[in-house]
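Visitor: I would like to learn how to read a structure like this one. Could you walk me through it?

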Amino acid sequence: MADNRTFTMIKPDAVENGHIGGILDQITASGFRIVALKLTQMTQRDAETFYAVHNERPFFGELVEFMTRGPIVAAILEKDNAVEDFRTLIGATNPEDAAEGTIRKKYAKSIGENAVHGSDSDENAQIEGAFHFAGREMF
Ligand code: UDP
């Protein structure tokens, strides 16, 4: 994937609470173009693989349970400086620390159930996008 792309998920908490539209609106209003988009649900194996980097962390089991409990929206987004600008748009992992106006400040309830994912590097954006989408689903 090009360096001007990032990968995001609207997590089960935000989907359950009816925030898909509000979050996608904020994303596109902030200048990101949607390259790929779908409603899907991660299996336990998907979540364990996607978050493998955290598998030694105390919250890993809870994270896998949370991320598999209902549908998510997966998307690939395009913009100059996409990874960094999207991390700024979503705010800190813990919504208590997130800046005003960020997606996590508005929609997240806790450090675990924090509404959205955003890739943390160009390399991970590529890996995560390819994890969820086939080439024919990217536009
Ligand atoms: N997480 C958690 N407890 C923590 C830290 C993280 O449940 O103490 C969850 C949270 O959903 C977070 C995800 O694990 O978004 C990945 O953590 P990371 O540190 O990579 O944060 P992010 O890059 O998502 O801000």
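Guide: Helices (H or I, at least four residues) and strands (E, at least two) are DSSP runs, numbered from the N terminus, and two strands pair if DSSP finds at least two bridges between them. This is a predicted model, where local features need pLDDT of at least 70, side-chain atom pairs count only at pLDDT 80 or more, and totals for chains, interfaces and linings use all residues. Residues are numbered from 1 along each chain as its sequence is written.

Visitor: Which residues are bridge partners in S3?

Guide: In general, strands of a sheet pair through backbone hydrogen bonds, either parallel or antiparallel. Here, threonine 40 has isoleucine 72 of S3 as its bridge partner, and arginine 33 is bridged to glutamate 78 of S3. Glutamate 78 is also the bridge partner of arginine 5. S1 and S3 pair in the antiparallel sense too, over 6 bridges.

Visitor: In what order do the strands form the sheet?

Guide: The order is S2-S3-S1-S4, an open sheet of 4 strands with antiparallel pairing. Strand S2 (33–40) and strand S4 (116–118) each have a single partner strand, so one side of each is left without a neighbour in the sheet. On average, neighbouring strands of this sheet are turned by 15 degrees against each other, direction ignored. Axes are lines fitted to C-alpha atoms, for helices over the stretch in contact, and angles run from 0 to 180 degrees between N-to-C directions.

Visitor: Which helix lies across S1 and S3?

Guide: Helix H7 (residues 122–132) does, running at about 55 degrees to strand S1 (5–10). Contact means that the C-beta atoms of two residues, placed from the backbone, lie within 7 Å.

Visitor: Is S3 mostly covered or mostly exposed?

Guide: The general idea is a neighbour count: a residue is buried if 20 or more other C-beta atoms lie within 10 Å of its own, exposed if 12 or fewer, and partly exposed in between, with C-beta atoms placed from the backbone. By that count S3 is mostly covered, with 6 of its 7 residues buried.

Visitor: Why does alanine 36 count as buried?

Guide: Alanine 36 is buried because 20 other C-beta atoms lie within 10 Å. This alanine sits in strand S2. Setting aside neighbours within four places in sequence, alanine 36 is in contact with Ala75, Ile76, Phe133, Glu137, Met138 and Phe139.

Visitor: And where is phenylalanine 32 found?

Guide: Phenylalanine 32 is in the loop between helix H2 (20–29) and S2, and it counts as buried because it has 22 C-beta neighbours inside 10 Å. Beyond four places in sequence, its contacts are Ile27, Leu77, Glu78, Lys79 and Phe86. Sequence and space can be set side by side as well: phenylalanine 32 and glutamate 56 are 24 residues apart along the chain, and their C-alpha atoms are separated by 33 Å.

Visitor: What surrounds the ligand?

Guide: A residue is near a molecule if its C-beta atom, placed from the backbone, lies within 6 Å of it. The ligand here is surrounded by Phe59, Leu63, Thr93, Ile111, Gly112, Asn114, His117 and Asp120. These shell residues divide into 3 nonpolar, 4 polar and 1 charged. Ala, Val, Leu, Ile, Met, Phe, Trp, Tyr, Cys and Pro count as nonpolar, Asp, Glu, Lys and Arg as charged, and the others, Gly among them, as polar.

Visitor: Which residues does UniProt list for "binding site"?

Guide: UniProt positions are given in the numbering used here, feature names are shortened, and annotations may be inferred rather than shown by experiment. The record lists Lys11, Phe59, Arg87, Thr93, Arg104 and Asn114 for "binding site". Arginine 87 lies in helix H5 (residues 82–90) and counts as partly exposed, with 17 C-beta neighbours inside 10 Å. Leaving aside neighbours within four places in sequence, arginine 87 is in contact with Gly118 and Asp120. Threonine 93 lies in the loop between H5 and helix H6 (103–107) and is partly exposed, with 14 other C-beta atoms within 10 Å.

Visitor: Which residue is listed for "active site"?

Guide: UniProt lists His117. Histidine 117 is found in strand S4 and counts as buried, with 21 C-beta neighbours inside 10 Å. Apart from neighbours within four places in sequence, histidine 117 is in contact with Thr8, Met9 and Lys11.
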